[in-house]
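Have the 3D view open as you read.

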Amino acid sequence: MQNINEIEDLIRLISKLPGLGPKSAKRIVLKLINNRDELIKPMANTLAQVYKNVTRCKSCGSLRSNLKGCANCENTKEKFSKICVVEDIADQWTIENSNLFQGYFHILGGTISSAGQRKEDLLINSLVERVNKDKIEEVILATSATVEGQTTAYYIQDSLKNSKVKITKLAQGLPIGGEIESLDDGTLFSAFKNRTKLNSSSD
Ligand SMILES: [Zn+2]
């Protein structure tokens, strides 16, 4: 290896990305260096734009553009009556891609018992606010079939007990320990279709 600090820094950063180790990071860096104008320049600009303009929405937890506002909870073309609650943005993307669900998303940002995660860090209060403000009729809990996911679902159910909203949970078709992100469309479809009602406050 040549001793060029910039290159070493880049390799070190890229090897922190999911699924990439030092070996693939080196290959990526070489590819970048060999395509300065086609890759490095636009990528540097895009990264700067993403850093500047894209943040997590404080209300729904999804990604928002500071230029356009939040496409999930502010600037939606339609008004929906359902909110699907998930742990991570990756889960939102999986469910969106499956076209199974028409409604708003609410991204908690983790689960209650996940390492170092405190209840206050999860967007649970803002979920309750959204449910009341947007006159939501159904909250679908799509947390993972893990102990943490189910504990979180239970806590949310409890937090919503004063709202007159119907609360449902994805069906047990979810494999135990299954994370939403990694489900295939068929499993996700039956989990949505056969979702079970958790409370009796409306409907
Ligand atoms: Zn939002």
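## A buried aspartate and its partner

In this predicted model, D134 has a relative accessibility of 14% and so counts as buried, the cut-off being under 20%. Its salt-bridge partner is K133, with N and O 3.5 Å apart. K133 reaches 61% relative accessibility, so this lysine counts as exposed.

In total, the structure holds five salt bridges. One of them links R195 to E138, and their closest N and O atoms are 2.6 Å apart. Because R195 sits in the loop between α7 and β7 while E138 belongs to strand β5, this contact ties together parts that are 57 residues apart in sequence. How accessible are the two ends, R195 and E138? R195 is partly exposed, at 26% relative accessible area, whereas E138 is buried, at 5% relative accessibility.

Another salt bridge joins the side chains of R64 and E74, at 3.5 Å from N to O. R64 is in strand β2 (residues 63–65) and E74 in the loop between β2 and β3, so here the parts tied together are 10 residues apart in sequence. E74 counts as partly exposed, with 43% relative accessibility.

## The five-stranded sheet

Strand β5, which holds E138, is part of an open sheet of five strands with mixed pairing. Which order do the strands follow in this sheet? Reading across, the order is β4-β3-β5-β6-β7. β4 (104–107) and β7 (196–197) are the edge strands; each has a single partner strand, so one side of each has no neighbour in the sheet.

Strands of a sheet pair through backbone hydrogen bonds, either parallel or antiparallel. Strand β3 (residues 82–86) runs parallel to β4, and four bridges join the two. β3 also pairs with β5 in the parallel sense, again over four bridges. C84 is a handy landmark to select in your viewer: its bridge partner in β4 is F105, and its bridge partner in β5 is I140.

Moving along the order, β5 pairs with strand β6 (residues 166–169) over four bridges, in the parallel sense. Here V139 has I167 as its bridge partner in β6.

## The two faces of β5

In a regular strand the side chains alternate between the two faces of the sheet. In β5, E138 and I140 point one way, while V139 and L141 point the other way. Are these side chains buried or exposed? All of them are buried.

## Helices around the sheet

Helix α5 (residues 125–133) lies across β3, β4 and β5 (138–141), and runs at about 160° to β4. Helix α6 (residues 147–159) forms a right-handed β-α-β unit together with β5 and β6.

Helix α7 (residues 185–193) has the buried residues T187, L188, A191 and F192. They cover an arc of only 130° around the axis, so they lie on the same side of α7. What covers the buried residues of α7? The cover includes β3, α4 (89–98) and β5.

Conventions:
Residues numbered from 1 in each chain as written. Predicted model: local features only at pLDDT ≥ 70, side-chain atom pairs only at ≥ 80, totals over all residues. Heavy atoms only, no water. Pairing = 2+ DSSP bridges. Contact = heavy atoms within 4.5 Å. Axes fitted to C-alpha atoms, helices over the stretch in contact; angles between N-to-C directions. Buried < 20%, exposed > 50% of the residue type's maximum accessible area, 1.4 Å probe, protein only. Right-handed = clockwise from strand over helix to strand, strands pointing away. Arc of directions from axis to C-beta. Salt bridge = Lys/Arg side-chain N within 4 Å of Asp/Glu carboxyl O.
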